[in-house]
Amino acid sequence: MTPLAISPPRSTPEPDISSIPQDAATIPSSDTPQALTVCIYVNKQANLGPYLDRKKVQQLPDHFGPERPAAALQQAVQACIDCALQQKVVFSLIRQGYGGEMVSVSASFEGKQHLQSLLVVNSIGYILRFLKKLCRSLLCDNLFSNQPFQQHSAVTESHEGYENRRVEAGRLLDHLGLKIS
């Protein structure tokens, strides 16, 4: 067995250690990577279901963030509460979390301010799943996404869909012998 060399020969250049990952404890605070951020886009042309007010949804920003996942989640859920036709109903559909990092949302009903805490996991996937479940509870489709919505095409599709339904309704009324007044 040959002994290991303790020092490299002088002709070998020093290795470049700048690309080697370092333990976070050894990285100066100015070099720490940026915190994970998420941007949640709002589809103002979404089917809002029976719980959300379209006029209020139209007044929302086009997106929440880029923010830490906890802040983006809080803003999106609070927006649902603020856009509710009846805050009590929407507030009751939100599942409270326990333990870990928490954010709070609030609603005003029955003359009182109510708070609810949401568990936050710093994961974009978790945030999107939470919002998808909330939208399912609110009976609204595609209200939030991590990708921008094509607002113009959504309006066109919505108008075409409306026209198709109006024509079908007219045919049904004609078939039944009824007229629209």
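Where in the protein chain is confidence lowest, and where is it highest? Confidence is lowest in helix H5 (residues 151-176), at a mean of 48, and highest in helix H1 (residues 54-58), at 97. Over the protein chain, the mean pLDDT is 74, and 60% of the residues reach 70 or more.

Two stretches call for some care. Over residues 2-32, pLDDT stays under 50, and the model has 2 contacts beyond four places in sequence for them. Residues 152-158 also stay under 50, again with 2 contacts beyond four places in sequence. Where pLDDT is low, the predicted coordinates should not be read in detail.

Now let's go to helix H4, which runs over residues 124-138. With its 15 residues, H4 reaches 21 Å from its first C-alpha to its last, close to the 21 Å expected at 1.5 Å a residue. Which residues of H4 are buried? They are Ile127, Phe130, Leu131, Leu134, Cys135 and Leu138. These cover an arc of only 135° around the axis, which puts them on the same side of H4. The general idea is handy here: an α-helix has 3.6 residues a turn, so residues three or four places apart point the same way. Turn to the face of H4 that points away from the buried side, and you'll find the exposed residues Arg129, Lys132, Lys133 and Arg136.

Have a look at the two ends of H4 as well. At its start, a side-chain oxygen of Ser123 comes to within 3.3 Å of the backbone nitrogen of Gly125. Just after H4, Leu139 takes a positive phi of about 60°.

A pair of aromatic rings is described by the distance of the centres and the angle of the planes. The structure holds 2 aromatic pairs, and one of them is formed by Tyr126 and Phe130. This pair is tilted, at 6.3 Å centre to centre and 40° between the planes. Tyr126 and Phe130 are 4 residues apart in H4, about one turn of the helix. Phe130 has a relative accessible area of 15%, so this residue is buried.

Finally, find Ser145, in strand S5 (residues 144-145). Is Ser145 buried or exposed? Ser145 counts as buried because its relative accessibility is 17%, and the cut-off is under 20%. Leaving out residues up to four places away in sequence, Ser145 touches Cys39, Ile40, Tyr41 and Leu128. A polar atom of the Ser145 side chain also lies 3.0 Å from the backbone nitrogen of Gln147.

Notes: Residues numbered from 1 in each chain as written. Predicted model: local features only at pLDDT ≥ 70, side-chain atom pairs only at ≥ 80, totals over all residues. Heavy atoms only, no water. Expected span 1.5 Å × (residues − 1). Buried < 20%, exposed > 50% of the residue type's maximum accessible area, 1.4 Å probe, protein only. Arc of directions from axis to C-beta. Polar contact = N/O pair within 3.5 Å; in protein donor to acceptor, adjacent residues only side chain to side chain. Contact = heavy atoms within 4.5 Å. Phe/Tyr/Trp six-rings, centres within 6.5 Å; stacked < 30°, edge-to-face > 60°. pLDDT = per-residue confidence, 0-100.
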